[in-house]
Amino acid sequence: MDVTVRIPVLGDWVGVAGSADRNLKLIREALGVSIAARDGVVQLTGPESGVAAASAVLEKLGEQAGQHRLLDRQQVLELISDITTRQSMAGPRATGARPSGTVSWEGELDVYASGKRIRPRSDNQRYYLDAIRTNDLVFGVGPAGTGKTYLAVAAAVHLLKTDRVRKIILVRPAVEAGEKLGFLPGDLEAKVHPYLRPLLDALHDMIDFATIRRFMETDVLEIAPLAYMRGRTLNHAVVILDEAQNTTVAQMKMFLTRLGDGSKMIITGDPTQIDLPDPSTSGLIDAGRRFQRTKGVGFVALERADVVRHPLVQRIIDAYGDEGRG
């Protein structure tokens, strides 16, 4: 959809665009639209809901600039959030939102990286993506290299780009192989980012670094340890819990009850790689017993035959059998 917005600005154009076009960048990344601006004329291109929201945000910014009021970064983000919230309350027709379970991704998934083609490469991977499409809670289990994390991230990016959700949240339990984040040097960001590297590696394959950074600055993308989910309600988001075999039953319950309106949760893990002192306390295994037949919950088991890394990886997994780690 293409829309041209003409904004009569009595004050400085910087009041609309922001310093170094900061406001336009925030709008572009938060709403997934392309923006071309010149001499008070703004060309918007993108999904209908994103273009409608961007047009409304620009008009409000124009009104504020006309009154010589300059909004700071946080105020612009709040304005974007307020407008998108009001449009979503007006119903699916006004926002372009799709009811749960009707998102289509026939063939390739739509991600931000130009020319990047992501599609299932086995029957089980197709079942996995179909489960994500049709359920709000999905468990994907299987050995390393089967694509359970990569495809979960790809589905999340697809849902974000096609305006089905507003943010992506990547989560991992904060214990692996007996080590805790507290033993790592640096502040929280320095601790968490190396620890969540597998999720970031998948993300960097689909979104360029500058866009990832902007998404993080505008809270479109959040990366956090599991403990930071406590007390929250996660609305209009895709939330991915990776390495879920290392959650306890209490942690899994806490995480699952964070599910909010318009959100999907994807839980991935490998039951053969439990690093808890007592493997029987794994929240992933417990959840499998509790929810295997629950309506609205999808369970997909990926197998060694679904490994899509280097051809040797499958033979390595076969050689180690259930003793394989990683």
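Modeller: Please do; the model is a predicted one.

Colleague: How are α2 and α3 oriented to each other, roughly parallel or roughly antiparallel?

Modeller: Helix α2 covers residues 22–31 and helix α3 covers residues 48–66, and their axes come within 10 Å. These axes cross at roughly 155°. Angles over 145 degrees count as roughly antiparallel, and α2 and α3 are therefore roughly antiparallel.

Colleague: How many charged residues does the contact of α2 with α3 have?

Modeller: From α2, the residues Asn23, Leu24, Ile27 and Leu31 meet Gly50, Ala53, Ala54, Val57, Leu58 and Leu61 of α3. By class, this contact has eight nonpolar and two polar residues, and the number of charged residues is none.

Colleague: Which term describes α6 relative to α7, oblique or roughly perpendicular?

Modeller: The axes of α6 (residues 123–134) and α7 (residues 148–161) come within 11 Å and cross at roughly 40°. That angle makes the arrangement of α6 to α7 oblique.

Colleague: How many nonpolar residues does the contact of α6 with α7 have?

Modeller: Here Gln125, Tyr128, Leu129 and Ile132 in α6 meet Lys148, Leu151, Ala152 and Ala155 in α7. By class, the contact has one polar and one charged residue, and its nonpolar residues number six.

Colleague: What percentage of the residues of the protein count as buried?

Modeller: The secondary structure comes to 13 helices and 11 strands. A residue is buried when its relative accessible area is under 20%. Of the 326 residues of the protein, the buried share is 47%.

Definitions and conventions. Residues numbered from 1 in each chain as written. Predicted model: local features only at pLDDT ≥ 70, side-chain atom pairs only at ≥ 80, totals over all residues. Heavy atoms only, no water. Axes fitted to C-alpha atoms, helices over the stretch in contact; angles between N-to-C directions. Helix = DSSP H or I, 4+ residues; strand = E, 2+ residues; numbered from the N terminus. Parallel < 35°, antiparallel > 145°, perpendicular 65-115°, else oblique. Contact = heavy atoms within 4.5 Å. Nonpolar A, V, L, I, M, F, W, Y, C, P; charged D, E, K, R; others polar. Buried < 20%, exposed > 50% of the residue type's maximum accessible area, 1.4 Å probe, protein only.
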